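Dear colleague,

Please find below the structure that I am handing over to you. My notes on what was found in it follow directly after.

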Amino acid sequence: MKFKVFKCVAVLYLAVCSSVLAGEQPGLQRISDHVYGYVDIKNASPAGNSFGANTGLIVGRDAALVVDTLVSAKEADRFLADIRKVTDKPVKYVVNTHYHLDHAWGNCQFVKLGAVVIAHANTRPHIAEAAKTLANPEVFGLTTKDLEGTTVQAPTITFTDSMTVDLGDVTVELRYPGPTHTNDSITVYVPKDNVIFLGDILFSRYHPFLGEGDLDNWQKVLVELQGTPAAKIVPGHGPVAGKSDLEAMKTYMREFDTLARSLCSGKSAQDAPAIAQEIIRRLPDQQRSELPKLVEFNLRAKYLPQPEAKK
Ligand SMILES: [Zn+2]
């Protein structure tokens, strides 16, 4: 079942990839005194450029920590080169906000330099599963060249509820809010700078991937996160956000779910393209990228009966 879901993720990424063109890659932005990030990558980010995933760099007195590592060794090397433009502190820690490839497949380059990978306990088995698919990069819309030198590295330190990492005068608080986008999605908070990374718990200006989501708890978490003292919220994809974006995402998800449930009732997988078009027409305008294939994918993954598996 898990593999089936993972294959579905692959189809999603392929759909995204085939719908967009290569985008220009900006360097790291300074988000606050100790925090940098790749944020607001254009929607036109192809698979080889990590599907527009954001990352973070948190720099303390003694060490640096990265939040997510992009999709490949090559992308992680680009990230490392940009990191060296802003700090010479050793990157001792990698935190994966969740296991999806665009957030975790660059881990290998940081591990080579001696970093330890930290994530939720559920991330480990997911990444082990993901390793099986490295041999078929085309499933993700990636080429062998895109993934040259990439090996999948699972976390070696995991936690179930929360954990704090001390970088020397800057601490980083990791927390698992329960199942949301995936069952291993965590938040990464830097109290000193009032910045929080939400991984794919928040998509800003992107249609969210809902296929593995626990929508009820996800919406509760989006409400709870409105109480965060953080002034800056970094989503998994899209520009730096504020609290109103949490509410917008919740509304959007609820509207999507209501429409999808009603329009998919009694329908089959072949109806997905027509239903996707209808949903896009009726969804509230939040200036999100409405890739029809992505919406269609969410319908197939969550709301329509799965086609019979081939024997
Ligand atoms: Zn994700």
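I begin with R205, which has a relative accessibility of 42% and is thus partly exposed; that class lies between buried (under 20% relative accessible area) and exposed (over 50%), computed with a 1.4 Å probe on protein chains only. The model is a predicted one, in which local features need pLDDT of at least 70 and side-chain atom pairs count only at pLDDT 80 or more, while totals for chains, interfaces and linings use all residues. Residues are numbered from 1 along each chain as its sequence is written, and side-chain values use heavy atoms, with hydrogens and water left out.

R205 is located in the loop between β11 and α6. Its phi is near 65 degrees, a positive value in a residue other than glycine. D169, in the loop between β8 (162–166) and β9, also has a positive phi, of about 65 degrees, although it is not a glycine. With a relative accessible area of 41%, D169 is partly exposed.

As to the overall fold, the protein chain has nine helices and 12 strands; these are DSSP runs, numbered from the N terminus, with helices being H or I of at least four residues and strands E of at least two. Of its 311 residues, 57% are buried. Among contacts (heavy atoms within 4.5 Å) between residues at least 6 apart in sequence, 69% join residues at least 24 apart.

In helix α6 (residues 215–224), the residues L215, N217, W218, Q219, V221 and L222 are buried. Their cover includes β11 (195–203), α7 and α9. The axes of α6 and α7 are 9 Å apart, and the two helices pack at an angle of about 160 degrees; axes here are lines fitted to C-alpha atoms over the stretch in contact, with angles from 0 to 180 degrees between N-to-C directions. α6 is therefore roughly antiparallel to α7, a label for angles over 145 degrees. On the α6 side, L215, W218, Q219, L222 and V223 take part, and they meet L246, M249, K250, M253, R254 and D257 of α7. The residues of this contact divide into seven nonpolar, one polar and three charged, where Ala, Val, Leu, Ile, Met, Phe, Trp, Tyr, Cys and Pro count as nonpolar, Asp, Glu, Lys and Arg as charged, and the others, Gly among them, as polar.

Helix α7 (residues 243–264) also crosses α9 (residues 292–302), at roughly 65 degrees, with the axes coming within 11 Å. These two helices are therefore roughly perpendicular, the class for 65 to 115 degrees. F256, A260 and C264 of α7 make the contact with V295, N298 and L299 of α9. By type, five of the residues in this contact are nonpolar, one is polar and none is charged.

D184 sits in the loop between β9 (171–175) and β10 (187–190) and is buried, at 0% relative accessibility. Its side chain makes a polar contact with the side chain of T182, at 2.6 Å; such a contact is a pair of N or O atoms within 3.5 Å, one able to donate a hydrogen and the other to accept it, and residues adjacent in sequence count only if both atoms are side-chain atoms. A polar atom of the D184 side chain also lies 3.0 Å from the backbone nitrogen of Y99. Beyond four places in sequence, D184 is in contact with residues including H98, H120 and H126.

F51, in the loop between β2 (35–38) and β3 (55–59), is buried at 4% relative accessibility. F51 and D102 are 51 residues apart in sequence, yet 6.7 Å apart in space, C-alpha to C-alpha.

With kind regards

Notes. Parallel < 35°, antiparallel > 145°, perpendicular 65-115°, else oblique.
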